[in-house]
Amino acid sequence: MSRSLRNRAAIAGIGQTEFSQASGRSELQLACEAVNAALDDAGLLPSAVDGLITFTMDSSEEVEVARNLGIPTLAVFARVPYGGGAACGAVMQAAMAVATGVANVVVCYRAFNERSGMRFGGTSMAGATALPAWLDVVAPFGLLTPAAWVALHARRYMHEYGVTNENFGRIAVVDRRHAATNPAAWFYERPITLEDHQRSRWIVEPVLRLLDCCQEIDGGVALVVTPPERARDLRQRPALIAAAAQGATADSEMMTSYYRDDITGLPEMGLVAKKLWAESGLTPADIQTAFLYDHFTPFVLVQLEELGFCARGEAKDFATIENLSLGGRLPINTSGGLLGEAYIHGMNGIAEAVRQIRGTSCNQVAHVEHVLVTAGTGVPTSGLILAQPV
Amino acid sequence: MSDRPAPTTTLDTKFFWDGLAADRLLIQRCSGCAALRHPPRPMCPHCNSLAWQPIEACGRGYVHSFVQPRHPAWPWFEDGYIVALIDLEEGIRLVSNLCGVAPAEVTIGMPVEAFIERFDNGVSLHQFRPRREPAAGTR
């Protein structure tokens with residue numbers, strides 16, 4: 001038997017709630033709705049599920065989700081750390097479970113009220129008298145938000161490679177263009193221009209404007225992972241997992257890996273890329289469309305370099321609106337991305353990759369054979385390559 | 001003057017913040033292989049020694065990166081404050097603030113020097129300001 005994970009698991013179902021700024025429901029209810037929708041999509045009953053995997057940051061306990069769905073027994077339950085870096089990692093863990101026979105049907109889920117509840121962007125901390133312990137050595141100096149953490153990396157990247165904020169703006173324009181034609185997207189029918197981007201206010205000067213930052217959103221997404229043989233008999237065309245990888249590298253921190261000689265790259269993503277290409281036997285030329293994690297625009301450029309779509313420092317030339325839009329050289333984030341569709345910690349990107357394999361995306365790319373998906377950047381992360389069933 | 005968010009100390013980091021409270025910017029030096037490390041942590045990644053001593057930083061450094069967080073506003077910071085990464089001459093990098101300089105005057109690579117400031121709520125922090133390098137031939 002093959003020692004690799006290549007083509008030994010598939011995503012057989014996807015499900016999601018609506019994406020809103022005030023769901024009016026508990027995070028547990030959102031999780032249950034998303035899991036139920038994903039099972040329904042696959043044509044499976046809850047009784048078939050024997051594994052649940054989520055993020056360490058998720059508030060919905062595996063056993064609570066199982067109790068609500070009526071899942072009788074669980075053989076696998078696990079959590080993946082590092083915020084949005086977990087997304088593809090959750091699928092990798094599920095793939096490992098089904099490839100080894102430890103479980104047969106594993107559902108990965110992520111659901112939160114990130115807008116109406118605790119906001120990651122930091123505004124809900126503004127009135128706080130005590131700061132969470134994990135802010136440790138950065139908070140006393142006013143480095144208090146994910147935007148600010150990312151910006152110190154990106155500022156140096158701009159300096160090294162002659163990149164401007166307008167270069168970052170192109171990512172926002174592409175994402176919002178794709179979101180404009182996706183009815184599920186928060187920014188449906190609301191595209192922006194580069195001028196809109198350049199007029200939006202600074203969040204962290206001179207790196208991130210408002211339109212460089214994704215918005216917190218309420219919602220949930222779930223994915224059903226099964227062995228390929230099982231997926232073949234279910235309701236949807238399976239998305240084969242051609243490769244799955246997690247990666248952490250020396251001196252990794254959660255968003256503040258400032259202590260490496262070079263802080264302009266994303267070595268965690270470089271490691272994930274190396275593993276994905278090796279496991280799948282593919283190269284960047286084999287990818288028709290990608291979902292590149294875009295909580296903040298600058299790291300999309302760096303990812304293009306780490307993944308090998310262009311050389312170091314050349315993303316500012318590669319990342320044109322034309323190249324990255326539908327019909328271009330490498331259409332990215334065809335659902336609108338985290339910037340345009342919703343910030344569900346990258347799980348909605350995996351769902352969109354599955355739709356591209358099925359041929360059901362609102363912005364369908366022609367002749368899709370392989371889709372690359374990345375998880376959170378600036379943190380220990382993960383990635384996937386999905387492929388057509390063989 | 002103003003307050004600052006108080007750092008959360010642990011058994012591993014207490015020496016660093018205690019040092020600042022005593023007007024000293026301290027760096028961990030491994031007793032096994034003499035490698036310096038920051039942020040504070042218990043084990044040397046090079047030789048796995050748990051033994052270390054604090055040494056006092058020279059305070060001279062260079063700006064590695066800097067930004068101005070504009071939103072959201074915080075009670076602890078005046079609008080326009082500068083957060084910077086500083087490369088100390090010892091080879092250690094620190095998160096800090098740049099003071100006494102207009103943002104437009106700051107450049108990456110600019111020489112800076114440390115000073116320690118005690119804020120109203122008793123928090124002591126290392127801060128940096130521009131440093132005039134001695135002209136060539138006079139050092």
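Me: Which residue in strand 4 of chain B is the bridge partner of A:Val204?

Reply: The bridge partner of A:Val204 is B:Pro69. This is a predicted model, in which local features need pLDDT of at least 70 and side-chain atom pairs count only at pLDDT 80 or more, while totals for chains, interfaces and linings use all residues. Residues are numbered from 1 along each chain as its sequence is written, chains are lettered from A and ligands numbered from 1 in the order in which they are written, and side-chain values use heavy atoms, with hydrogens and water left out.

Me: Why are strand 5 of chain A and strand 4 of chain B called a pair?

Reply: Strands are DSSP runs of E with at least two residues, helices are runs of H or I with at least four, and both are numbered from the N terminus. Two strands pair if DSSP finds at least two bridges between them. Strand 5 of chain A and strand 4 (residues 60-69) of chain B have two bridges, so they pair, and the sense is antiparallel.

Me: How many residues of each chain are in contact with the other chain?

Reply: Contact means heavy atoms within 4.5 Å. By that rule, 38 residues of chain A are in contact with 35 residues of chain B. The buried area, which is the accessible area (1.4 Å probe) that two parts lose on being put together, summed over both, is about 3,100 Å² between chain A and chain B. Carbon and sulfur atoms give 66% of this area. In chain A, the residues that lose the most area to chain B are A:Pro140, A:Phe141 and A:Tyr259, together 23% of what that side buries.

Me: What makes B:Arg70 and A:Glu205 a salt bridge?

Reply: The definition asks for a side-chain nitrogen of Lys or Arg within 4 Å of a carboxyl oxygen of Asp or Glu. The closest N and O atoms of B:Arg70 and A:Glu205 are 3.0 Å apart, and the pair therefore meets the rule. Across the interface of chain A and chain B the rule finds one salt bridge. Helix 4 (146-161) and strand 5 (202-205) of chain A each supply at least two residues of the side of chain A that touches chain B. Helix 4 of chain A gives the most to that side, with six residues.

Me: How do you know what radius of gyration agrees with a compact globule for chain A?

Reply: The radius is taken over C-alpha atoms, and the globule rule is 2.2 Å times the number of residues to the power 0.38. For 390 residues a compact globule would have a radius near 21 Å; chain A has 19 Å, which agrees. Chain A has 13 helices and 11 strands.

Me: Why do strand 2 and strand 3 of chain B count as edges of their sheet?

Reply: The open sheet of three strands in chain B has the order 2-1-3, with antiparallel pairing. Strand 2 (36-37) and strand 3 (52-56) of chain B each have a single partner strand, so one side of each is left without a neighbour in the sheet. Strand 1 (residues 26-30) and strand 3 of chain B pair over five bridges, and B:Gln28 stands opposite B:Pro54.

Me: What joins strand 7 of chain B to strand 8 of chain B?

Reply: Seven bridges join strand 7 (residues 111-118) and strand 8 (residues 124-130) of chain B, which run antiparallel. These two strands form a hairpin with five residues between them, and B:Gly122 in the turn has a positive phi of about 90°.

Me: What makes the bond from B:His38 to B:Pro39 worth noting?

Reply: Most residues other than glycine have a negative phi, and most peptide bonds are trans. The bond from B:His38 to B:Pro39 is cis, with omega near 0°, and B:Pro39 is in the loop between strand 2 and strand 3 of chain B. A cis peptide bond also joins B:His71 and B:Pro72, with omega about 0°. Phi of A:Tyr82 is near 75°, a positive value in a residue other than glycine.
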